[in-house]
Amino acid sequence: MTNFKNTLSTRKNHIPFLDLKLLNRDYEKSINEVLSKKIASGWYILGEEVKVFEKSFAEYCETKHCIGVANGLDALLLLLKASDFPKGSEVLVPSNTYIASILAISLAGLTPVLVEPDIHTYLIDPKKIEEKITKNTKAILVVHLYGKCCEMEPINEIAKRNNLKVFEDAAQSHGAIYQNKKAGNLSDGAGFSFYPTKNLGAMGDAGAVTTNDDVLASKIRALRNYGSGEKYVFEEQGINSRLDEMQAAILSVKLPNLDNENKVRQSIAKRYLTEINNPTITLPFAGTIMEDVWHLFVVRTRDRDKFREYLSQNKIGSDVHYPVPPHQQLAYKDWNNDSYPISEKIHQQVISLPLNATLLEEEVSYIIEKINSY
Ligand SMILES: *Cc1c(COP(=O)(O)O)cnc(C)c1O
């Protein structure tokens with residue numbers, strides 16, 4: 001199996017936040033082989049590779065269906081479009097997510113309603129959901145942010161009581177587990193992204209929907225291809241959001257190693273959680289370390305700029321996910337004066353440490369040592 005340690009180049013004492021070139025290098029030979037075959041086949045859109053990947057990703061998530069689409073945003077958009085909610089219906093979504101979760105709702109002609117997260121888990125707070133439900137609410141779109149599954153048991157219970165659908169934004173949680181079930185199999189349907197930086201990343205844009213609902217699955221299958229179930233017959237106004245054969249082939253090469261990569265992430269997370277002991281750094285909620293896939297290891301600190309500068313001086317890469325909350329973005333001007341204090345605090349204080357399958361033990365030790373002496 002892939003062993004990044006054998007191929008690691010000298011990083012010249014600089015630890016990048018994420019080194020995609022190195023991450024993908026071990027797959028390069030196998031990918032070149034499948035791509036050569038693909039080029040020779042002459043079939044580039046909706047062919048065997050997409051079918052094969054859909055089947056194996058559905059098996060991986062233990063869902064009945066997987067439908068490959070062009071990206072993660074479209075996966076969420078198609079789930080909502082296929083649900084046929086009346087125009088303007090409200091969909092609850094966490095206030096501290098990546099903008100795509102919220103945009104999908106707007107693009108589907110629906111109204112996003114923001115729910116604050118829990119300050120410890122950074123996930124939608126089930127206790128704050130019910131107060132946001134109105135007669136127009138039709139669904140809850142939860143986000144398994146940073147690789148950790150939301151508390152689906154109370155959320156699904158609230159949904160059932162209020163006759164709402166539940167969808168997952170699983171773009172950051174490939175392989176995450178909640179009560180013995182995988183992310184993507186915890187609701188009526190889920191959207192995945194295979195953007196290159198995700199736990200399972202393509203080499204371009206790619207995404208997928210997973211669901212156990214036969215009707216939803218066949219609708220989305222048609223909607224991703226102009227609304228066509230049968231060639232040149234259009235039952236609905238769909239979009240062009242097909243997963244292409246090249247990306248599907250690449251994903252099929254990488255999927256068998258996803259669990260290994262996630263295990264490396266989990267062991268790094270475990271070290272950070274047990275060995276970082278600087279009182280000015282708030283560590284993420286640990287939960288069950290081996291059920292979280294640690295897409296990002298997000299800590300909080302009061303003076304983020306100063307800490308980031310310190311890391312940079314010590315040649316440690318970092319990133320911020322995300323610096324400005326959705327309700328303060330110009331794209332959602334109507335919300336700019338609204339107050340979501342927990343989200344605001346999170347966005348002001350979070351910083352993501354390097355955590356990926358290419359990191360060496362020595363590098364993890366170095367990062368821990370530097371953070372503890374900050
Ligand atoms: C990456 C991401 C998306 C969007 O995926 P794309 O493939 O870039 O469209 C949606 N939601 C979350 C939480 C993400 O991290």
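Tyr322 is situated in the loop between helix H11 (304-313) and helix H12 (341-349). In this predicted model, the peptide bond that leads from His321 to Tyr322 is cis, and its omega is near 15°. Most peptide bonds are trans.

Sorted by class, the lining of the largest pocket has 14 nonpolar, ten polar and five charged residues. Two helices, H5 (72-82) and H6 (99-107), each supply at least two residues of this lining. Helix H5 gives the most, with three residues. Viewed by domain, the lining of the largest pocket takes at least three residues from domain 1 (27-255) and at least three from domain 2 (257-373).

Helix H6 leads on to a pair of strands. Strand E2 (residues 90-94) and strand E3 run parallel and are joined by five bridges. Within this pairing, Leu92 stands opposite Val113 in E3. The chain passes from E2 through H6 to E3, a β-α-β crossover that is right-handed. Burial here refers to a relative accessible area under 20%.

The second largest pocket has a volume of about 470 Å³. It is lined by 19 residues, and those nearest its centre are Leu46, Asn225, Ser228, Gly229 and Lys231. By class, this lining divides into eight nonpolar, five polar and six charged residues. Helix H4 (48-61), helix H8 (214-223) and strand E10 (228-230) each contribute at least two residues to the lining of the second largest pocket. Of the elements that contribute, H4 gives the most, with four residues.

The structure holds one cavity of 30 Å³ or more, and the volume of the largest cavity is about 70 Å³. This cavity is lined by 13 residues, of which Tyr122, Tyr146, Lys148, Pro284 and Trp294 are the closest to its centre. Its lining has nine nonpolar, two polar and two charged residues. Because domain 1 (27-255) and domain 2 (257-373) both give residues to the lining of the largest cavity, the cavity lies between them.

Most residues other than glycine have a negative phi. Glu62, which is not a glycine, has a positive phi of about 60°, and this residue lies in the loop between H4 and strand E1 (65-69). Asp84, likewise not a glycine, has a positive phi of about 55°. The position of Asp84 is in the loop between H5 and E2. With a relative accessible area of 45%, Asp84 is partly exposed.

Terms used: Residues numbered from 1 in each chain as written. Predicted model: local features only at pLDDT ≥ 70, side-chain atom pairs only at ≥ 80, totals over all residues. Heavy atoms only, no water. Nonpolar A, V, L, I, M, F, W, Y, C, P; charged D, E, K, R; others polar. Domains from an automatic or database assignment. 1 Å grid on protein atoms, 1.4 Å probe; cavity = no way out; pocket = protein on both sides within 12 Å on 5 of 7 lines; lining within 4 Å. Points joined across faces, edges and corners; volume = space filled by probe spheres on them. Pairing = 2+ DSSP bridges. Right-handed = clockwise from strand over helix to strand, strands pointing away. Buried < 20%, exposed > 50% of the residue type's maximum accessible area, 1.4 Å probe, protein only.
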